Amino acid sequence: MVTVDYLLTKDGNIKKNVKIAYNEVLTNVVEKDKEKLLIGMPAFVNAHVHSADYSLLGNAYGKNTSELVGRNGIKTKWLKKASEKQTKKNISSFLKENLKKGVYTVIDFREGGISGAKIAKNVAQEFDLNYLILGRTPDPKEISALAESVDGIGIPDAIRWPRKDIEEIVEEAHNHNLITAMHVAETRKVQKEFLQREGETDTEFAIDLGIDLLVHLTNANKWDLREVKRSTSYAVFSPRTNMLLEAQFPPVEEFLRDNIPFLLGTDNAFLNSPNMLREIDFTARTIKHKQPRYLKQLINSATNISPINKTLMKRNSKRKLKQKFIVIEAPEYINKDTIYEWLALHAEI
Ligand SMILES: [Zn+2]
């Protein structure tokens with residue numbers, strides 16, 4: 001057992017002097033320094049990553065978005081030529097890095113079709129982690145084979161594949177109890193192209209299809225956002241990546257203001273460390289209105305597994321995420337009233 005001075009509970013409360021069983025704690029608990037406090041909190045949830053591009057880190061600056069992650073970008077080129085062994089190593093190193101940073105839940109947009117998903121599934125067996133693989137295929141007929149290795153489907157965007165195929169893929173995925181996710185309203189280009197061709201936005205399209213996780217929403221208009229908030233789907237934001245690729249901050253503040261649950265993810269492994277404290281810190285500093293309650297909501301969004309468990313239940317998945325906790329040291333000056341601001345703006349892991 002480890003006794004923590006403060007425990008942040010799943011439902012957003014703070015309890016004093018709580019014992020947590022060692023097998024529920026993720027990181028190694030350091031010998032307590034008398035001068036410091038121990039804070040226990042739910043382990044982090046990294047709700048959107050692309051793990052396999054990890055070895056490309058250090059290549060982000062000096063290139064535009066399409067040179068990085070576009071169809072002819074360095075990432076796509078690397079993924080095409082990487083051996084199974086290299087891909088496996090990248091996924092494995094990236095998952096280790098997540099665990100080191102106190103992340104116990106990772107949702108991975110896995111490229112490379114059925115074989116790409118299988119590689120991830122093999123790696124997953126080596127880890128004690130809530131690792132959800134979202135595979136992809138442009139062929140609706142492949143969904144039943146893909147379903148053997150994945151927990152869900154991650155659709156790259158609304159225009160990459162024909163609309164009819166996307167509709168079939170999503171229907172098939174839901175028939176196979178898979179959760180679904182899509183990059184939505186990420187770039188102006190995709191948003192415009194889809195709207196011109198289909199007469200509706202890609203966000204409307206994704207909501208109508210019942211896509212469970214709507215990733216990015218950086219260019220969604222206010223009507224679209226209203227519909228997202230009303231739906232049973234969850235928005236997933238990756239602010240650090242957005243600012244690196246699109247120079248556009250996602251609509252996090254709209255969700256904080258209305259107290260609508262959402263998720264955070266660190267996105268491409270080669271663009272960001274899987275450090276959720278950095279994601280929280282960056283978001284907290286960038287939002288316009290510095291409301292104290294937003295810090296608590298941000299931390300809750302980065303640690304709460306219930307939106308994902310609800311989504312798995314909605315799709316009758318056999319998967320249920322396990323709850324783990326992390327314990328971190330805090331300065332003795334921290335108290336119940338300042339703990340969220342300390343975590344968001346100062347804490348390290
Ligand atoms: Zn992504």
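Guide: Let's start with a term. Two residues are in contact if their C-beta atoms, placed from the backbone, lie within 7 Å. Also keep in mind that this is a predicted model.

Visitor: Okay. Which residues does Met182 touch, leaving out those up to four places away in sequence?

Guide: Met182 touches Ile155, Ala158, Ala206, Ile211, Leu214 and Val215.

Visitor: Which residues of the largest nonpolar core touch the most other members?

Guide: Met182, Leu214, Ala235 and Val236 do. That core has 92 residues. At least three of its residues come from each of domain 1 (1-42 + 323-349) and domain 2 (44-321).

Visitor: Let's talk domains, then. What does the domain assignment give?

Guide: The assignment gives domain 1 (1-42 + 323-349) and domain 2 (44-321). Their centres, taken over C-alpha atoms, are 28 Å apart.

Visitor: How many residues of each domain are in contact with the other?

Guide: In domain 1, 17 residues are in contact with 15 residues of domain 2. Strand S3 (36-42) and helix H15 (339-345) each supply at least two residues on the domain 1 side. The largest share of that side comes from H15, with five residues.

Visitor: S3 came up. What does S1 do with S3?

Guide: S1 and S3 pair in the parallel sense, over two bridges. Tyr6 has Ile39 as its bridge partner in S3.

Visitor: And how do S1 and S2 run, parallel or antiparallel?

Guide: Antiparallel. Six bridges join S1 (residues 2-8) to S2 (residues 14-20).

Visitor: What do S1 and S2 form, and what is in the turn?

Guide: They form a hairpin, with five residues between the two strands. Gly12 sits in the turn and has a positive phi of about 85 degrees.

Visitor: Switching topic. What is the strand order in the open sheet of nine strands?

Guide: The order is S11-S10-S9-S8-S7-S6-S5-S4-S12, with parallel pairing.

Visitor: Which strands stand at the edges?

Guide: S11 and S12 (267-268) do. Each has a single partner strand, so one side of each is left without a neighbour in the sheet.

Visitor: Take S10. Are its faces covered or open?

Guide: Both faces of S10 (residues 234-237) are covered. Tyr234 and Val236 lie on one side, Ala235 and Phe237 on the other, and all are buried.

Visitor: Which strands does S10 pair with?

Guide: S9 (residues 213-216) pairs with S10 in the parallel sense, over three bridges. There, Val215 stands opposite Val236. S10 also pairs with S11 (residues 263-264) in the parallel sense, over two bridges. Phe237 has Leu264 as its bridge partner in S11.

Visitor: How does the chain cross from S9 to S10?

Guide: The chain goes through helix H9 (residues 222-230). This β-α-β crossover is right-handed.

Visitor: What about S5 and S6?

Guide: S5 (residues 103-109) and S6 (residues 130-135) pair in the parallel sense, over five bridges. Asp108 stands opposite Ile133 in S6.

Visitor: Now the loops. Where is Asp151?

Guide: Asp151 lies in the loop between helix H5 (143-146) and strand S7 (152-155).

Visitor: Buried or exposed?

Guide: Buried, because Asp151 has 25 C-beta neighbours inside 10 Å. The cut-off for buried is 20 or more. Not counting residues up to four places away in sequence, Asp151 touches Leu132, Ile133, Leu134, Leu178, Ile179, Ser317 and Arg319.

Visitor: Which residues have a positive phi although they are not glycines?

Guide: Asn177 is one of them, at about 60 degrees. Ala185 is another, at about 50 degrees.

Visitor: Where are Asn177 and Ala185?

Guide: Asn177 is in the loop between helix H6 (163-175) and strand S8 (179-184). Ala185 is in the loop between S8 and helix H7 (188-198).

Visitor: Why does Ala185 count as buried?

Guide: Because Ala185 has 28 C-beta neighbours inside 10 Å. Asn177 has 16, so Asn177 counts as partly exposed.

Definitions and conventions: Residues are numbered from 1 along each chain as its sequence is written. This is a predicted model: local features need pLDDT of at least 70, side-chain atom pairs count only at pLDDT 80 or more; totals for chains, interfaces and linings use all residues. A nonpolar core is a set of buried Ala, Val, Leu, Ile, Met, Phe, Trp, Tyr and Cys residues joined through C-beta atoms within 7 Å. A residue is buried if 20 or more other C-beta atoms lie within 10 Å of its own, exposed if 12 or fewer, and partly exposed in between; C-beta atoms are placed from the backbone. Domain bounds come from an automatic or database domain assignment. Helices (H or I, at least four residues) and strands (E, at least two) are DSSP runs, numbered from the N terminus. Two strands pair if DSSP finds at least two bridges between them. A crossover is right-handed if, with the strands pointing away from the viewer, the path from the first strand over the helix to the second runs clockwise.
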